[in-house]
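Subject: Structure for you, with notes

Hi,

Here is the structure, ready to open. My notes follow below it.

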Amino acid sequence: MERKVKVAAVSYLNTRPLLYGFRDHPVMKMLELSVDYPARIAQQLIDGEVDVALVPVAIIPKLKEYHIISDYCIGAEGPVASVCLFSDVPLNEIKRIYLDYQSRTSVALLKVLVREYWKLDAELIETTGDYQDKIKDTDAGLVIGDRALAQRHVSPFIYDLAEHWMRFTSLPFVFAAWISNKALPVEFIQEFSNANSIGIHNIPAVVSENAYPLYDLTTYYTQNISYPLTPAKRQGMQRFLSYLM
């Protein structure tokens, strides 16, 4: 491509290992990088405003064309810690659930679990801004990202969506992947994936740059988030997408 590739990434703590290696990497000469929250950059990819984005995988059915261009993703093979249903009461007592506006995949995953696994009869409420203060009594809330790590200190009942997906399907889960809406040069894809790998192999350096008192980031990056896009994760992703068709 003659012009630079427009790349959008998520501005959460969980992407820091993926973005760590971009600095001073040759691939930076080939791209323009912007950051925002997942649902926003997903729309940018759908609308063609960017060429590549680290997007919630739930948008894949909305893309006319898609290519997964990296060997790394935001995935989990057990509790992910930062995508949870928070409540003051046990699951069977929940009457309403506020949905996080920042991620289509997490909302879609919650709906699958509510319908297929937990079999809850709860009202689902869309949100457009902060709503964590409404998580009380029999009103629960799906919270993702850095705000979820903070909410862990508030809510007595925490239902980790990746953990429950694993119980339901025996498969890992992919929350977001690097997806392009067009074919890209092989050289770019190779350099891009290589840049992703640098931070994954230098977690102590990533942690040292991101002071975060609310949750142990070494645990988060090495035990909660699972970054390699393995065949099992691809299988889990296809299983999830089958529920969205």
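Helices (H or I, at least four residues) and strands (E, at least two) are DSSP runs, numbered from the N terminus. This is a predicted model, where local features need pLDDT of at least 70 and side-chain atom pairs count only at pLDDT 80 or more, while totals for chains, interfaces and linings use all residues. Residues are numbered from 1 along each chain as its sequence is written, and side-chain values use heavy atoms, leaving out hydrogens and water.

Gln151 sits in helix 4 (residues 145-151). Its relative accessible area is 6%, so Gln151 is buried. Buried means under 20% relative accessible area, exposed over 50%, and partly exposed in between (1.4 Å probe, protein chains only). Setting aside neighbours within four places in sequence, Gln151 contacts Phe86, Gln132, Ile135 and Val143. Contact here means heavy atoms within 4.5 Å.

Pro185 is in the loop between strand 10 (173-180) and helix 6 (186-200). Its relative accessibility is 33%, so Pro185 counts as partly exposed. Met30 is 155 residues from Pro185 in sequence, yet their C-alpha atoms are 11 Å apart.

Cysteines

The whole structure was searched for disulfides (cysteine sulfur pairs within 2.5 Å). The search found 0. Cys73 is in no disulfide, and its nearest cysteine sulfur, on Cys84, is 18 Å away. Cys84 is in no disulfide either. Cys73 is buried at 0% relative accessible area. Cys84 is also buried, at 0% relative accessibility.

Nonpolar cores

A nonpolar core is a set of buried Ala, Val, Leu, Ile, Met, Phe, Trp, Tyr and Cys residues joined through side-chain atoms within 4.5 Å. The largest has 82 residues. Leu85, Trp118, Trp178, Phe188 and Phe192 have the most contacts inside it. Helix 3 (residues 104-118) contributes the most to this core, with 8 residues. A second, separate core has 8 residues, including Cys84, Tyr131, Val143 and Ala148.

Helix packing

Axes are lines fitted to C-alpha atoms, for helices over the stretch in contact, and angles run from 0 to 180 degrees between N-to-C directions. Angles under 35 degrees count as roughly parallel, over 145 as roughly antiparallel, 65 to 115 as roughly perpendicular and the rest as oblique.

Helix 9 (residues 231-244) and helix 3 have axes that come within 10 Å and cross at roughly 75°. Helix 3 and helix 9 are therefore roughly perpendicular. On the helix 3 side, Thr105, Ala108, Leu109, Val112, Arg115 and Glu116 meet Phe240, Tyr243 and Leu244 of helix 9. These contact residues split into 6 nonpolar, 1 polar and 2 charged.

Trp165, Phe168 and Thr169 of helix 5 make the contact with Gly236, Arg239, Phe240 and Tyr243 of helix 9. The contact residues here are 4 nonpolar, 2 polar and 1 charged.

Helix 2

Helix 2 (residues 38-47) has Pro38, Ala39, Ile41, Ala42, Gln44 and Leu45 as its buried residues. Their cover includes strand 1 (5-10), strand 2 (31-36), strand 3 (52-56), helix 3 and strand 10. Just after helix 2, Gly48 has a positive phi of about 80°.

Best wishes

Terms used:
Nonpolar A, V, L, I, M, F, W, Y, C, P; charged D, E, K, R; others polar.
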